[in-house]
Amino acid sequence: MVRPTQLLHLARTPATLRPAATVLLLRDSPRGIEVLMTRRSMTASFAPGAYVFPGGGIDTADALAHGQSTRRPTQSDQHLTQAIAAIRESFEELGILLARRAEGSHLNTAEIAALDRTSPFAGLCAAQGLTLSGAEVFVLAHWITDRDLPRRFDVPFLVARMPEGQEPVADESEQFEPVWVRPADALARHAAGQFFIIFPTIRTLERLQAYATVDALLQACAVNDEPLFTSCPRAGLMNGHESRHMEHEPPFGELALVCPDGQIVHELAWQTERPVSLLKNVQRLTAPNPGFMTGPGTNSYLVGDPATGHVAIDPGPDDAGHIERLWRAAGGDLRAIVCTHSHADHSPGAARLQSLCTAAGRDKPPILGLPSAPTARAGSQFTPDRALADGERLMLVGADGEDIRSHCLRVVHTPGHAANHLCLLLEEDGLLFSGDHILNGSTTVIDPPDGNMSDYLDSLDKLDRLCSEHGVHFILPAHGYVLGDQPQSADNPAAPEHGGARAAIAHLKTHRLAREAKVSRAMRTLPEGTPDDWVKLAYDDVPERLWPVAKRSLLAHVERIQSLGGFNH
């Protein structure tokens, strides 16, 4: 885990989570699913004026009403309590009553209007001979309010079919202006500034668009009787404006590393003129070489501080401006320059960076890495001043007054993307610098003969073991934002059980093996085919313009399949 002393921002305790429940009441229409939304009071303490789904806090009485409700065999006590709370809130706020008489009918709008919505809910239903329809309420999503907000809720977003014969009637105190709306229309109106909705509502409406009917959605929720997704979003700045992100979105891991307690201060917009501080001892400077293969550009990293000096990781292309900015960001004090591999966007700048140090009268920092293999392409030749051994440690040690500081980078050989590829583990802070082995926002190309798919997958397993042994939660790739998340805890319940780094590795390996299965099927389908034929089937989910690059990784999969005794063409 990251040392607290290296965090950029003072620790703070997020607001306590309050249990709540909300329900999406749904109906079918000729144009697709419609959902009932209502506008919150302009004086509400949370999301004033926003269009929301009915819901509110969970009361003690909700858990005591299980005996008055139907229940699915797979429905947990917690989910039933949440369902009852949502049923109660729908009644109190909108006069919608998800409850049935003994013969199975619902009350109609006129009958509901005669009831006192402020009466104790369970007693009112019992007096009317009604059984709550908890079994008809399903869990769609689990949202935990962002850490930066002063009021936070732990809330399931439930779904249920709107009862026939009922019309919403707002209580005109908490909720106003109930409206039926298609998810796509609500999102369009919000984008036009006419329908204010908050982040969890936006993302939930986006997910609803995948379902054509209410039955299709309810059936999807019933499969495991658990949320289809869980999220505790994080927020940063994009060109100075607040920008929120879920766990699967590229900026999330970086926000978790830099602002673990939810401070909205980290700028996410890519730029190449200034170094970006990720921790007190880690800076990133992105090279001005954006493109299809490099994304925003190559990330050069500096590890260390003024007391210890710095190690530069992946100086990048031989771009004079970038190299000078990298040198200045280190205060001219570089103790070593490490190249994760010899590709043209990673190692060529090393010699220029070394020269800047010596020209300024500094000791010559060694260029470290692994020499390129005979299989490397002509443009990827590389000979370091010294070859690094697998498991070797590069130490930075210095004193700031009486404070002794140290940063240790452990070398990890990871062939696969390139035969001479290596990663670096910052041991004290549990950070993995992954070079091109693991990227954020794209998949690493494995290009034989220097690239090897079996080696690549074996290296993923090696990195997973390393992350497990050293408590690594974050991966700093050569292209894209930081990957990962803080460890799972009461304040971070949406995090992966084994940490964000291991979850990213597992996801990547699963993706690779799934692609390999598609390659194998394509080879069996077209046994006399060529790689040009197979790529059309194996990469049918990838734009055709990317197939020439995809074919390089396909060849690596073909080699691996054949080496394992699979299809021989």
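**Close-up views of a predicted model**

View 1. His343 sits in the loop between β17 (334–338) and α10 (350–359); helices (H or I, at least four residues) and strands (E, at least two) are DSSP runs, numbered from the N terminus. This is a predicted model, in which local features need pLDDT of at least 70 and side-chain atom pairs count only at pLDDT 80 or more, while totals for chains, interfaces and linings use all residues. Residues are numbered from 1 along each chain as its sequence is written, and side-chain values use heavy atoms, leaving out hydrogens and water. With a relative accessible area of 19%, His343 is buried (under 20%; exposed is over 50%, partly exposed in between; 1.4 Å probe, protein chains only). Leaving aside residues up to four places away in sequence, His343 touches Pro348, Ser380, His417 and Ala418 (contact means heavy atoms within 4.5 Å).

**View 2. The salt bridge of Asp429 and Arg3.** Here the two side chains meet at 2.8 Å, N to O (a salt bridge is a side-chain nitrogen of Lys or Arg within 4 Å of a carboxyl oxygen of Asp or Glu). Asp429 belongs to the loop between β22 (422–426) and β23 (431–435) and Arg3 to the segment before β1 (17–29), 426 residues apart. Both Asp429 and Arg3 are buried.

**View 3. The salt bridge of Arg515 and Asp541.** Take a look at this pair, whose side chains also form a salt bridge (2.8 Å, N to O). Arg515 is in helix α12 and Asp541 in the loop between α13 (531–538) and α14 (547–563), so the bridge ties together parts 26 residues apart in sequence. Arg515 is buried at 9% relative accessibility, whereas Asp541 is exposed at 52%.
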